[in-house]
Every structure is written in C-alpha cells, then in structure tokens.
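The following explanation is intended to be read alongside the sequence and the three-dimensional model.

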Amino acid sequence: MALVDIDNPTVIQDQRLLGLFQFWHAKLNGRRIPASSAFDRADMARWADNLMMVDVPGDIADFRIRWLGANLAEMFATPRAGTGMEAMTSVGERSSVLPQYRVVIDTGLPAYYATEVELSKRGVVAQKKLILPLSSDGETVDAVLAGIYPELPRKTQRGTRRGGSPG
C-alpha cells in the first residue's frame, strides 16, 4: 500500500489509474478533497466498468456501495450495488479490504494498491486499486471512488478445428 502524494503521484504504477487520479485531482478546485457531486458517471466512461462509488456515513463498517461497474460486478461474483458489510461474508475479505478504505477515510489522501485480495465468492484475486477520497464539506471523507483493475482467471474457449482436433 502506498498513500499517494497529491503533487507527485509516482507511486501509481498503472497508467489507467494514473489517468483516474489526474481526473480526480482536476476536481479539487481549491478544496482538499473533491465532492462526490463533482463526479458525473458519463464523464468517467473511460473507467466506468472498473469504478465503484461507496458512501461512508461515518465508520467504514457502515459503508454502502452506491454504484459499481460491470467488471467489478464480475469480480465480486455476486450483486453488490446497494450493499454494505453484509455482502462481505468472508472474514478474509473484511480483514484485507476494510483497512485499505479506512486509511483513505482517516487521512483524506488517495491510496494505491497492487495486491491480492480474498473475495467472499471468488477467492484470491490480484488487483490494482486506487481509492480516492470524496467529501461533501471538503474536509471529512463521506464517500470514496475506487478504480479497480482485477486480474481474473481467463475463460478458455473450447472449439474444434477441422478434422475434429481441439482448438
């Protein structure tokens, strides 16, 4: 894990997530933390399938997923939009994921992860993740925007070539 230096985000090693960070940074407009209302899903189409907006009305344990991109829905292997802690049935998932978000909520700084995460329905998944703080008042984190690029096992295509041999 690495907290991201707002003025020098070299810790972000994934170009897609660096682009998301730059988009978030442009929304600061003199604030320490941008508001979630500054983020229109249509403006984030480039990352949409790999984004998740999470409302945090206090402690991270009280979170609710506001919306979730298609690739993340596939990664979780279970519907999660509108859910919170109850969707994290694995102790391993809670113990690995909640601290990642807690550090962003506590510091008000973005964090970048290139790690493996144990998911309740999928098992261990390698992923690159950028968690960005959002705030209604510019100071207290009450939502986060997460860009996540999982490395899911590839589905193999079965087929046959002429002559009946497997493809």
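A residue is termed buried when its relative accessible area is under 20%, exposed when that area is over 50%, and partly exposed in between. The model under discussion is a predicted one. Arginine 16, with a relative accessible area of 39%, is therefore partly exposed. Aspartate 14, by contrast, has a relative accessible area of 6% and so is buried. The side chains of these two residues, arginine 16 and aspartate 14, form a salt bridge with an N to O distance of 2.6 Å. Side chains of opposite charge can pair when their charged atoms come close.

The count of salt bridges in the model is five. One of them joins arginine 66 to aspartate 55, with 2.4 Å between the closest N and O atoms. This pair links distant parts of the chain, since arginine 66 belongs to strand 3 and aspartate 55 to strand 2, eleven residues apart. Both partners are partly exposed: arginine 66 has a relative accessibility of 38%, and aspartate 55 has a relative accessible area of 24%.

Another salt bridge is formed by lysine 128 and glutamate 151, whose closest N and O atoms are 4.0 Å apart. Here too the pair links distant parts of the chain, with lysine 128 in strand 5 and glutamate 151 in strand 6, 23 residues apart. Lysine 128 is partly exposed, at 28% relative accessibility.

Which strands pair with strand 6? Strand 5 is one of them, and strand 2 is another. The pairing of strand 5 with strand 6 is antiparallel and extends over nine bridges; within strand 6, proline 150 is the bridge partner of glutamine 127. Strand 2 also pairs with strand 6 in the antiparallel sense, over five bridges, and glycine 147 of strand 6 is the bridge partner of leucine 51. Strand 6 is largely enclosed by the rest of the structure, because eight of its nine residues are buried.

The largest nonpolar core contains 28 residues, of which Met52, Tyr101 and Val144 touch the most other members. At least two residues of this core come from each of strand 2 (51-55), strand 3 (64-68), helix 2 (70-76), helix 3 (91-107), strand 4 (111-119), strand 5 (123-134) and strand 6 (143-151). Helix 3 supplies the largest share, six residues. Apart from neighbours within four places in sequence, tyrosine 101 is in contact with Met52, Ile60, Lys129, Ile131, Val144, Ala146 and Ile148.

Is leucine 3 buried or partly exposed? Its relative accessibility is 34%, and leucine 3 therefore counts as partly exposed. If residues up to four places away in sequence are not counted, leucine 3 touches Val11, Val103, Thr107, Leu109, Pro110 and Ala111. Leucine 3 and glycine 108 are separated by 105 residues in sequence, while their C-alpha atoms are 9.9 Å apart in space.

Definitions and conventions:
Residues numbered from 1 in each chain as written. Predicted model: local features only at pLDDT ≥ 70, side-chain atom pairs only at ≥ 80, totals over all residues. Heavy atoms only, no water. Core = buried A, V, L, I, M, F, W, Y, C linked by side-chain atoms within 4.5 Å. Buried < 20%, exposed > 50% of the residue type's maximum accessible area, 1.4 Å probe, protein only. Helix = DSSP H or I, 4+ residues; strand = E, 2+ residues; numbered from the N terminus. Contact = heavy atoms within 4.5 Å. Pairing = 2+ DSSP bridges.
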